[in-house]
Amino acid sequence: MNQPTVSSSPYAHNNQNVRKVMLQVQIAAFPALLAHIYLFGFGIVIQWMLALTTALAVEYFMLKLRGRPVLPFITDMSALITITGLVFCIPPDAPWWIVVTGSAFALIFGKHLYGGLGYNPFNPAMLGYAFLLISFPVQMTQWTMPVEFTQHTLDFMQSAQYIFTGHIPDVSLDMYTGATPLNEMRTGLSQGQPITDTLSKDMQTTLGGLNSWAWINLAFLLGGLWMLYSGVISWQYPIGFLGTLAIISFVFNQVDPELYPPMDVVLLTGGTMLAAFFIITDPVTASTTPKGKLIYAAGIAVLVYVIRNWGAFPDGIAFAILLMNIAVPLIDQYTQPRVFGHKR
C-alpha cells in the first residue's frame with residue numbers, strides 16, 4: 001500500500017505572487033494616469049518612460065554587482081511600482097535629470113543596498129522623493145498648471161522639448177508652471193492672508209465642480225477601491241490614514257476656519273489618495289499586524305497634517321511615511337495577535 005506523502009507546513013496557499021500583486025497595483029494606477037494626461041498633459045508619460053529606462057539599467061547593474069540572477073528579479077515588477085509611485089510625485093514637466101536621479105537613488109539606496117526586495121526598511125519611492133525635495137527644491141516645486149488655468153495642455157512633443165531643453169520656442173512658459181494649491185495656501189498664510197481667500201483664488205473648478213488635483217485624487221481612490229475589492233491591499237491602511245486625517249482636519253477647521261483648510265481640501269489635494277492606497281500599503285515597509293496597520297496608518301496621517309500646517313514642506317507625505325517606517329518594528333512587536341491556544 002502506498003504511504004501518503006507528508007510535507008512540511010505551511011499548508012495554506014493562495015494564487016498571489018510578487019509579480020501578480022505588482023501588476024494589479026499598476027493596473028489600479030491606470031485611471032489616475034489617464035486623468036493626469038488629460039488634466040496636466042503628456043509630461044508624465046515622458047517622465048515614466050525615463051524612469052522605466054533608468055530602472056531597467058539600475059536593476060541590471062545592481063543585480064550583476066550583487067551576483068544575483070537578473071531575469072527573475074528584474075521581471076518581478078517591484079522596480080516598476082517604485083518608479084510609478086515616484087513619477088506621480090514629480091512635476092510632470094520637470095527636467096529629465098530629476099526623474100533619472102530620483103529613480104536611481106530610490107532603487108540603489110532604498111532597495112538594493114539593503115539586500116533587495118523584502119529587506120528594505122524604507123519605502124524606496126518615498127526615499128527617492130524625499131531626496132529630490134531636499135536636493136532640488138526649486139525644480140520640485142514648479143508644477144505644470146492644470147487645464148483649468150492654461151485652457152489647454154502641452155502636447156507630447158512640446159512636453160518632451162521642455163523636459164529635455166528647458167524651453168519651447170514661441171511658447172510662454174509662465175502660464176504653464178506655478179505652485180500647487182498646498183504651496184499657495186502655505187504662501188498665503190505666511191503673508192497673513194486667511195485660507196478662505198487662497199482657496200477662492202486658486203481652487204478653480206474644471207469638471208463637476210472639482211479642480212484637477214481633486215480629480216486626480218478621486219482617480220487614485222477609484223483604483224484603490226478596486227484593490228480593496230480584489231484583496232490586494234488591507235483595509236486598515238486607507239481607513240486608518242484617511243479616517244485620522246479627516247478627523248484631525250475637521251476638528252482644526254472648526255477651531256479656526258481662517259487658518260486651517262476644510263476636510264475635503266485636505267483629503268483631495270496633494271498626494272493624499274496616492275499615499276492612502278498605493279504608498280503606505282507597501283507590504284515590505286509597512287506594519288503587518290492587524291492593529292499595527294491601523295496605528296501605522298494613523299501615525300502617518302498625524303505627521304502629514306503636522307508637516308503640512310507647521311512644517312517646512314507643503315505636502316509632508318514622504319517624510320511622514322519614512323518616519324513611520326522607522327517605527328514599524330516597534331509597532332509590530334507590541335501589536336502581535338495572540339497565538340491560538342495561548343493564554344495571556
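I started with Phe136. Its relative accessible area is 21%, so I log Phe136 as partly exposed. This is a predicted model, and I read every value with that in mind.

Next I looked up Phe131. Phe131 has a relative accessible area of 22% and is also partly exposed. Then I checked aromatic pairs over the whole structure, and the search returned 16. For Phe131 and Phe136, the ring centres lie 6.3 Å apart and the planes stand at 90°, so I filed the pair as edge-to-face. The angle decides this because planes over 60 degrees apart count as edge-to-face.

Second entry: the surface. I found a nonpolar patch made of Ile247, Phe250, Val251, Val255 and Met263. Together they have about 480 Å² of accessible area. Which helix gives the most to the patch? I traced that to helix H14, residues 236–255, with 4 residues. Phe250 sits in helix H14. Its relative accessibility is 44%, so I noted Phe250 as partly exposed.

I located Glu59 in helix H3, residues 43–65. Buried or exposed, I asked of Glu59? At 3% relative accessibility, Glu59 is buried, because the cut-off for buried is under 20%. I then looked up its side-chain partners. Glu59 makes a polar contact of 2.6 Å with the side chain of His112. Another, of 3.2 Å, links the side chains of Glu59 and Lys111. Leaving out residues up to four places away in sequence, I also listed what Glu59 touches: Phe73, Ile74, Ala79, Leu107, Lys111 and His112.

Terms used: Residues numbered from 1 in each chain as written. Predicted model: local features only at pLDDT ≥ 70, side-chain atom pairs only at ≥ 80, totals over all residues. Heavy atoms only, no water. Phe/Tyr/Trp six-rings, centres within 6.5 Å; stacked < 30°, edge-to-face > 60°. Buried < 20%, exposed > 50% of the residue type's maximum accessible area, 1.4 Å probe, protein only. Patch = residues over 30% accessible without salt bridge, like charges linked within 9 Å, V, L, I, M, F, W, Y side chains within 5 Å. Areas by Shrake-Rupley, 256 points an atom, 1.4 Å probe, with all protein chains shown as cover. Salt bridge = Lys/Arg side-chain N within 4 Å of Asp/Glu carboxyl O. Helix = DSSP H or I, 4+ residues; strand = E, 2+ residues; numbered from the N terminus. Polar contact = N/O pair within 3.5 Å; in protein donor to acceptor, adjacent residues only side chain to side chain. Contact = heavy atoms within 4.5 Å.
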